[in-house]
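The sequence and the model come first, then the explanation.

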Amino acid sequence: AELTGGEDPEPAAVPFHSEILDGRIGYVRLGSLRTENLAQLDAALGTFSGGEIAGVILDLRGTPETRNFSLAAEAAGRFTPAGTPLFSLLARTESGSKKFASATPIHRGVLVVLVDSSTRGAPEALAAAL
């Protein structure tokens, strides 16, 4: 996906939530796309990998709009093979373009991403990359 735009400050805090459903599905509501929530995502995915988890649901519904695409790329990197092109930000000049690729994944299994009509900006780019 190719996007235009820059980055802005982290959005207001919307709480992170995770749980295991029916003993076999990991559920994560990311809340705000913030550094603190990504750390909680890492912890939840670590917990999920230790059991009989068949897949993970990543709920982006209600995630506040932000233009911090670096955090979106960091989040997507937890679910995609290392080096996978995720998305590009197009600037008005070629020198201003920025490409994002994934780093080391934490979860390598089935992933379901939930979005709604209010999923916009960097959370939308995250959903599109996944």
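pLDDT is the predictor's confidence in each residue, from 0 to 100. Such a value exists here because this is a predicted model: local features need pLDDT of at least 70, side-chain atom pairs count only at pLDDT 80 or more, and totals for chains, interfaces and linings use all residues. Residues are numbered from 1 along each chain as its sequence is written, and side-chain values use heavy atoms, with hydrogens and water left out.

The mean pLDDT of the protein is 82. A value of 70 or more is reached by 76% of the residues. Over residues 1–7 the pLDDT is below 50. This stretch still has 25 contacts in the model beyond near neighbours in sequence. A contact means heavy atoms within 4.5 Å.

Now the elements. Helices (H or I, at least four residues) and strands (E, at least two) are DSSP runs, numbered from the N terminus. The protein has three helices and seven strands. Their order from the N terminus is β-β-β-α-β-α-β-β-β-α.

Four strands form an open sheet in the order β2-β3-β4-β7, with mixed pairing. Strands β2 (17–21) and β7 stand at the edges with a single partner strand each, so one side of each is left without a neighbour in the sheet. From one strand to the next, the twist averages 15°. Two strands pair if DSSP finds at least two bridges between them. Strand β4 (residues 55–59) and β7 pair in the parallel sense over five bridges. Leu58 has Val113 in β7 as its bridge partner.

Helix α1 (residues 35–49) lies across β2, β3 (25–29) and β4. It runs at about 175° to β3. Axes are lines fitted to C-alpha atoms, for helices over the stretch in contact, and angles run from 0 to 180 degrees between N-to-C directions.

What is buried? Buried means under 20% relative accessible area, exposed over 50%, and partly exposed in between (1.4 Å probe, protein chains only). Of the 130 residues, 38% count as buried. Helix α2 (residues 69–76) is largely enclosed by the rest of the structure, because six of its eight residues are buried. They are Phe69, Leu71, Ala72, Ala73, Ala75 and Ala76.

In soluble globular proteins, nonpolar side chains tend to be buried together. A nonpolar core is a set of buried Ala, Val, Leu, Ile, Met, Phe, Trp, Tyr and Cys residues joined through side-chain atoms within 4.5 Å. The largest one here has 25 residues. Val28, Leu30, Leu33, Leu38, Leu41, Phe87 and Leu126 have the most contacts inside it. At least two residues each come from α1, β4, α2, β5 (85–90) and α3. Helix α2 gives the most, with six.

Thr66 lies between β4 and α2. Thr66 is buried, with a relative accessible area of 1%. Thr119 sits in the loop between β7 (110–114) and α3 (122–129). Thr119 is buried too, at 8%. Not counting residues up to four places away in sequence, Thr119 touches Leu60, Arg61 and Glu124.
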